Amino acid sequence: MLKNVIQRLQQGSLKLNPYLRSEIFSISYVERKGNAIIALKTTLYTILLVLFCNQVILLGQSQSHVKMDSINSSFDEQNPVLTPDGKRMYFVRSGHPRNEGGVIDRGDIWYSDKTETGWSVAKHGGSTINHTGLNGIVGFSADGERIYLLNYKDSQGYIHKRIAMAEWVRDHWSVPQPVDIRYFENFSENISGSISPDEKVMILSYKSYDTYGNEDLYVTFKESNGSWTPPENMGVDLNTLGEEWAPYLAPDLKTLYFSSNGFGGQGGRDIFVSQRKDGTWKDWTDPVNLGSEVNTAGMELGYSIPKLGELAYFSSTQNSEGFGDIFGFPLNKTEKVLQEIVSKTEAPISQVTTTKTPEKPVVVMTMQVLDIRNDKPVNGLVKLNFGEKEVEVNTADLDSPDKKFLVTIEEGLEVNVEIEADGFLKYKETFVASAKPLQGDIEAKAVEGFRLTPREVGTKIQIPNVLFNEGTSSFADAKTTETQLEILIELMKNNPDLEIRLEGHTDNRGNPKLLKELSLDRVNAVKDYLVEKGISGKRIETVGFGGEKPVGQNSTDSGREKNRRVEFIIIK
């Protein structure tokens with residue numbers, strides 16, 4: 001019997017989960033060792049027979065499950081969620097070596113694209129929306145431009161058991177930002193959820209102060225100011241002393257699917273459906289088990305109805321190649337009606353949300369941290385404070401090579417920026433968020449670049465647009481010059497141990513000695529301005545080189561313009 005099982009496994013005609021496969025091959029090895037350990041072999045045969053017979057019995061169940069062979073693997077697949085256009089399926093895969101936490105990772109987000117022949121081979125979702133903890137998908141906005149995520153990692157590397165949101169930028173997701181849910185507190189390692197297509201209602205599964213058993217179902221609503229109401233427990237009609245997981249709120253906002261081990265059923269966790277009776281969100285019909293065609297002796301999770309197609313999607317540990325696999329199940333008539341509601345939900349929240357007061361305009365700003373010497377991207381910790389919000393972004397976590405990221409800010413708000421990066425001076429800046437016009441076409445959006453100065457003795461940086469009246473040391477355009485010098489002032493205030501040397505240069509037209517004196521007078525004028533603004537004169541040296549160190553051709557106007565410059569050098 002054993003040899004026949006081994007042969008079928010090697011041929012691929014018999015599929016078992018990885019644990020059973022390893023047990024069988026281990027016993028095969030024992031068998032080849034001979035009679036010396038016959039007793040151990042007999043014991044192992046008994047264990048194998050029990051496990052194998054159980055596996056064969058289970059293989060005969062759930063023939064209505066539609067397998068997603070190109071998506072499923074020997075690893076654990078859960079939490080399938082389709083994009084609104086139905087072209088991409090996101091799901092969670094655990095135990096894969098490609099995951100952020102390797103084979104011990106609790107689950108990373110992966111995706112597969114719809115093709116003419118089915119679904120493509122799955123790809124990892126990238127480090128921007130994944131971390132070493134448990135990742136997952138709550139849902140999408142109706143236009144698919146925003147994804148809501150379970151748990152998120154902040155710029156310090158700490159993982160928070162909360163909800164976050166990311167936006168689609170050209171070909172990738174932006175850095176997830178925490179969703180402001182007031183008084184949200186999760187005591188469980190497990191969290192799951194669902195958001196309505198109009199982004200106004202969220203159903204969450206987690207454990208908190210007023211939970212009846214383990215994880216309960218909660219509801220929260222989006223307010224006109226963008227924050228979410230304190231989550232409310234959805235009551236004893238839905239919640240038990242057991243675990244209620246993986247809710248899916250249908251677009252009619254009345255039909256709720258979820259998994260539970262507290263109502264009995266076919267196996268470990270079954271999928272149930274219930275209908276909301278009134279506006280309290282606590283009065284529900286008795287949950288109805290979806291029956292043996294969907295539920296099995298294993299565990300079923302994450303039942304959801306996509307916008308398009310003939311199948312609902314969920315995960316099951318039954319008849320799977322790994323611990324859990326993604327399956328489809330044919331929609332019934334009631335579910336097809338719900339699917340029609342999904343199809344009609346096209347508008348993003350800004351068009352469907354009714355508020356008592358007009359919403360203030362917002363600006364979606366593209367930002368980037370750069371090396372001031374060459375404009376190459378820099379890995380650094382960015383802290384943004386505006387209004388009552390604080391946003392942190394670690395550009396080292398960004399997947400895109402240019403390290404750009406998006407931040408949505410209410411127009412007109414003052415934004416305080418602080419940036420720290422290894423090998424660079426600390427950076428601070430304050431600006432007002434304002435909309436910037438497109439440069440020609442839709443792809444040419446303006447980028448707010450923060451340019452960092454390397455913390456290296458000998459680093460030389462030109463101060464642009466410091467202009468002087470001809471033959472004098474007085475500023476030609478005082479306002480422009482002061483704006484440029486404010487950057488240097490902030491740099492020195494933010495780095496109090498920094499010392500610099502100001503160097504003045506001219507073109508070569510005139511008496512060399514006088515040009516040298518003029519260049520020194522000009523950098524001394526810059527030093528005087530810095531001292532006037534609170535910078536100690538002991539931290540600033542000055543030197544004038546006149547026309548001795550040109551960077552351009554003195555035979556051309558443009559070359560001479562380049563040569564007339566003020567630079568600072570880090571000397572400590």
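**View 1. Strands β13 and β14 pair in an antiparallel fashion in this predicted model.** Six bridges link β13 (residues 201-206) with β14 (residues 216-221). Strands of a sheet pair through backbone hydrogen bonds, and they may do so in parallel or antiparallel fashion.

**View 2. The β13 and β14 strands belong to an open sheet of four strands.** Reading across, the order is β12-β13-β14-β15, and the pairing is antiparallel. Which strands stand at the edges? They are β12 (192-195) and β15 (232-233); each has a single partner strand, so one side of each has no neighbour in the sheet.

View 3. The buried residues of α7 are Leu515, Leu518, Ser519, Arg522, Val523, Ala525, Val526, Tyr529 and Leu530. Viewed down the helix axis, these buried residues fall within an arc of 140°, so they line one face of α7. Their cover includes α6 (478-494), β31 (500-505), β32 (540-544) and β33 (565-570). On the other side of α7, you will find Lys513, Leu514, Asp528 and Glu532 exposed.

View 4. At the start of the helix, a side-chain oxygen of Asn511 comes to within 2.8 Å of the backbone nitrogen of Lys513. After the helix comes Gly534, with a positive phi near 105°.

**View 5. Asn135 is a buried loop residue.** Asn135 lies in the loop between β6 (123-124) and β7 (136-140). Its relative accessible area is 3%, under the 20% cut-off, which is why Asn135 counts as buried. The side chain of Asn135 makes a polar contact with the side chain of His131 at 3.0 Å, and a polar atom of the Asn135 side chain lies 3.2 Å from the backbone oxygen of Gly133. Leaving aside residues up to four places away in sequence, Asn135 touches Val92, Gly107, Asp108, Ile109, Ile129, Asn130 and Leu150.

View 6. Mean pLDDT for the chain is 80, with 81% of its residues at 70 or more. Over residues 9-40, however, pLDDT stays under 50, and the model has 44 contacts beyond four places in sequence for them. Residues 53-62 also stay under 50, with 13 such contacts.

Terms used:
Residues numbered from 1 in each chain as written. Heavy atoms only, no water. Helix = DSSP H or I, 4+ residues; strand = E, 2+ residues; numbered from the N terminus. Buried < 20%, exposed > 50% of the residue type's maximum accessible area, 1.4 Å probe, protein only. Polar contact = N/O pair within 3.5 Å; in protein donor to acceptor, adjacent residues only side chain to side chain. Contact = heavy atoms within 4.5 Å. pLDDT = per-residue confidence, 0-100. Arc of directions from axis to C-beta. Pairing = 2+ DSSP bridges.
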